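Keep the sequence and the 3D view open while you go through them.

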Amino acid sequence: MSDADAGSREPSPEEEVPESLADFPSVDRPKTTSGESYAYHSPIPEAILNNPGPVILGVDEAGRGPVLGPMVYAVAYCLQSDSAILKEHKFDDSKKLKTAFRSALIRKLTTPGSTLHTKLGWSTFSISPAAISAGMMRSTSSGVYNLNAQALDATVALIAGVIAAGVPVAEIYVDTVGPPASYQAKLQKLFPTAAVTVSKKADSLYPIVSAASVCAKVTRDAALDVLVETCGVAEGKMGTGYPGDERTKQWLRGSMEPVFGWSPAMARFSWSTAKDLLEGGKGTKAVGVSVEWAEDLGEGEQGIMGFMEEGGRGVAGWYGRGVGAQVDF
């Protein structure tokens with residue numbers, strides 16, 4: 001079947017893609033709305049299964065900076081001999097491509113029988129806001145589990161997953177926001193059988209990283225669509241999700257529950273934009289209310305856990321014992 005037969009002709013940058021992004025296979029609706037992290041792996045392309053030659057693989061992410069929604073890491077891979085298809089389909093840094101163009105590329109990628117579907121494989125790892133915040137707020141032997149450490153683990157897990165599936169990865173290209181040399185050394189040590197290249201702006205320099213960039217961006221956008229739909233937010237009300245966006249800050253302030261904040265599937269509580277609204281700081285008046293938990297009571301006073309333990313005062317001790325009277329309602 002040709003690309004035309006598969007409904008995957010070259011998209012125009014202005015082309016509309018009416019189907020919901022949330023239907024893409026890399027978006028797990030239940031896990032997205034419950035605030036879970038998860039991975040997706042496409043089937044290994046027919047071209048690689050039928051011709052197990054050397055493969056190139058690219059890595060990029062989307063959603064590192066926003067206070068809303070997941071951070072998505074993605075890999076894309078194909079035979080070295082098929083790399084020309086990436087330029088033919090005009091893959092580029094996802095931020096340089098219009099939304100409809102990105103969506104049309106992914107539509108082609110997920111259409112059985114299209115050139116991209118038979119030659120390009122991809123995987124994503126969606127790190128939920130809850131997981132990001134929990135990681136950044138917990139301590140490890142080497143300090144907090146910061147965003148760079150979480151990004152490295154996601155990258156390693158995706159690459160290892162592709163290799164474990166039997167794909168003969170010979171070259172790895174990674175986009176980075178930190179020092180490339182140290183990051184490259186870490187990955188090279190972990191994947192000694194492949195030549196690793198880590199570079200800033202890799203999503204513009206290497207088409208295979210551009211493909212990963214598009215997969216990551218479309219997956220994140222689709223996940224946000226699911227979250228917006230679940231929360232019943234009017235289109236555009238949340239803004240871009242970035243801390244500097246006034247619409248985003250207004251939405252956070254207006255939708256915040258005073259005690260619990262926001263859904264952990266939606267907001268990153270570890271971001272200062274969210275923390276300042278909850279607790280106050282940096283000229284921001286706290287919107288959240290202060291809660292004094294029972295376990296914080298003074299010395300000698302009964303905490304909630306002691307209340308439940310055997311030998312504790314319990315309900316009878318706090319409120320008196322029943323007299324056996326029956327009350328009809």
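**Exercise 1.** Find which residues of α4 meet which residues of α10, and work out how the two helices are oriented.

*Solution.* Start with the contacts, meaning heavy atoms within 4.5 Å. Arg102, Ser103, Ile106 and Leu109 on the α4 side meet Val214, Cys215, Lys217, Val218 and Asp221 on the α10 side. Next, take the axes: those of α4 (residues 99-109) and α10 (residues 207-231) come within 10 Å and cross at roughly 105°. Here axes are lines fitted to C-alpha atoms, for helices over the stretch in contact, with angles from 0 to 180 degrees between N-to-C directions. Finally, classify: 65 to 115 degrees counts as roughly perpendicular, and α4 and α10 are therefore roughly perpendicular to each other.

A word on the source: this is a predicted model, where local features need pLDDT of at least 70 and side-chain atom pairs pLDDT 80 or more, while totals for chains, interfaces and linings use all residues. Residues are numbered from 1 along each chain as its sequence is written, and side-chain values use heavy atoms, leaving out hydrogens and water.

**Exercise 2.** Locate the residues that UniProt lists under "binding site" and decide where they gather.

*Solution.* First, the record: the unreviewed UniProt entry lists Asp60, Glu61 and Asp175; such annotations may be inferred rather than shown by experiment. Second, the distances: they span 116 residues in sequence, yet no two of their C-alpha atoms are more than 8.1 Å apart, so they gather at one spot. Third, the surroundings: the lining of the largest pocket includes Asp60, Glu61 and Asp175. (A pocket is an open set of points on a 1 Å grid over the protein atoms alone where a 1.4 Å probe fits, with protein on both sides within 12 Å along at least five of seven lines; lining residues have an atom within 4 Å of a point.)

**Exercise 3.** Is Asp60 buried or exposed? Answer likewise for Asp175.

*Solution.* Buried means under 20% relative accessible area, and exposed over 50% (1.4 Å probe, protein chains only). Asp60, in strand β2 (residues 55-62), counts as buried at 3%. Asp175, in strand β7 (residues 169-175), is buried at 13%. (Strands are DSSP E runs of at least two residues; helices are H or I runs of at least four.)

**Exercise 4.** Which atom lies 2.7 Å from a polar side-chain atom of Asp175?

*Solution.* Begin with the contacts of Asp175 beyond four places in sequence, among them Asp60, Ala202 and Asp203. The backbone nitrogen of Ala202 is the atom at 2.7 Å.

Technical notes:
Polar contact = N/O pair within 3.5 Å; in protein donor to acceptor, adjacent residues only side chain to side chain. Parallel < 35°, antiparallel > 145°, perpendicular 65-115°, else oblique.
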